[in-house]
Amino acid sequence: MSRYVVTGGAGFIGSHLVERLWSNGHEVVAIDNLMTGRIANLDGLRGKTRYQFVEADVSDRFPDVGKADGVFHMASPASPKDFVPLAIPILRVGSLGTMHALEYSLKQGSWFLLASTSEVYGDPEVHPQREDYFGNVNPIGVRGVYDESKRFAEALTMAYHRNKKVSTSIVRIFNTYGPRMRLNDGRVIPNFISQALHGEPLTIYGDGLQTRSLCYVDDLVDGIVRFADKRPVEPINLGNDHEMTVKLLAETIVHLTQSRSSYSFTPLPEDDPKQRCPVLTRAQKTLGWSPSTKLEVGLQKTIDYFRKIL
């Protein structure tokens, strides 16, 4: 049994990770300021042994949670809807929050995992995206606050690894979906499901021919957990390498919800990536990981979750 700290532990991905670590027999401390996370996401662990929730903002300081074997730094608002109203908190958690978490790992002698993102590749000019691609990011665009906070966090993580000998890993997370996403999240799957369940037209940005590669959250968490055993230093993509158009995704969700919704086309947002698909060679070789959940299965579980919320 190990003792792990998960920042952003009440968030969409973070809460699933906390549950998985706990289910695997570990002791888990979840930290969250509840800015975008929900304590209800962790209701299944309330009152359990080997679990602790701490409400704190790691951008201000890292709370005193005692000794830990590893830190999963998952904290950050990640929805495009948050990029303007929460621009400064996003930049603070990517910089100060990451530094505080790394300082804690340095002090404790613990391993550190940074949850980075495919957004470091920006609107990619190389497709699909390998980990050695440096990206095409607009630093002053609306999305830049999230993209650059994660790029800085990666640089900071590697600086602590090289200069202070902290054991570090970096996971670059591609589009992930599943239960516990916020209904008003602003990302494509919650948008489409919510509109379909309400019988409203599905809002498709651009012509809908831009592509996404969608990974179910259980598959992603399986990959993240494997980092704790292998502890690779080089960044590794986690996601699904099956690519599909946004228009086809909309049609699939209308079919699965048995909705009569039509489609509404609107201009593409600034710097919205046209293509997004990971190369998974490193994940397969280093972690022995590949996604396994079929899209229709994962979407149906997500739809069922949103039906309950509504």
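Buried means under 20% relative accessible area.

**Entry 1: the whole chain.** I'm working with a predicted model here. I went through the secondary structure and found eight helices and 13 strands in the protein chain. Next I checked the radius of gyration, which is 19 Å. The globule rule gives 19 Å for 310 residues, so the chain is as compact as a globular protein of that length. Along the principal axes, the C-alpha atoms fill a box of roughly 55 × 45 × 40 Å.

Entry 2: I looked up burial and got 55% of the 310 residues. The accessible surface comes to about 13300 Å², and carbon and sulfur atoms hold 50% of that. For contacts with a separation of 6 or more, I see that 81% join residues 24 or more positions apart. I also checked charges: there are 36 positive and 35 negative ones, and their mean positions lie 5 Å apart.

**Entry 3: Ser15.** Where does Ser15 lie? I found Ser15 in helix H1, which covers residues 12–23. Is Ser15 buried or exposed? Its relative accessible area is 0%, and that is under 20%, so Ser15 is buried.

Then I looked at what surrounds Ser15. A polar atom of the Ser15 side chain lies 3.2 Å from the backbone oxygen of Phe12. Leaving aside neighbours within four places in sequence, I listed the contacts of Ser15: Gly8, Gly9, Ala10, Asn41, Leu42 and Arg180.

Definitions and conventions
Residues numbered from 1 in each chain as written. Predicted model: local features only at pLDDT ≥ 70, side-chain atom pairs only at ≥ 80, totals over all residues. Heavy atoms only, no water. Helix = DSSP H or I, 4+ residues; strand = E, 2+ residues; numbered from the N terminus. Buried < 20%, exposed > 50% of the residue type's maximum accessible area, 1.4 Å probe, protein only. Polar contact = N/O pair within 3.5 Å; in protein donor to acceptor, adjacent residues only side chain to side chain. Contact = heavy atoms within 4.5 Å. Rg over C-alpha atoms; globule rule 2.2 N^0.38 Å. Areas by Shrake-Rupley, 256 points an atom, 1.4 Å probe, with all protein chains shown as cover. Lys, Arg positive; Asp, Glu negative; His and termini not counted. Charge placed at Lys NZ, Arg CZ, Asp CG, Glu CD.
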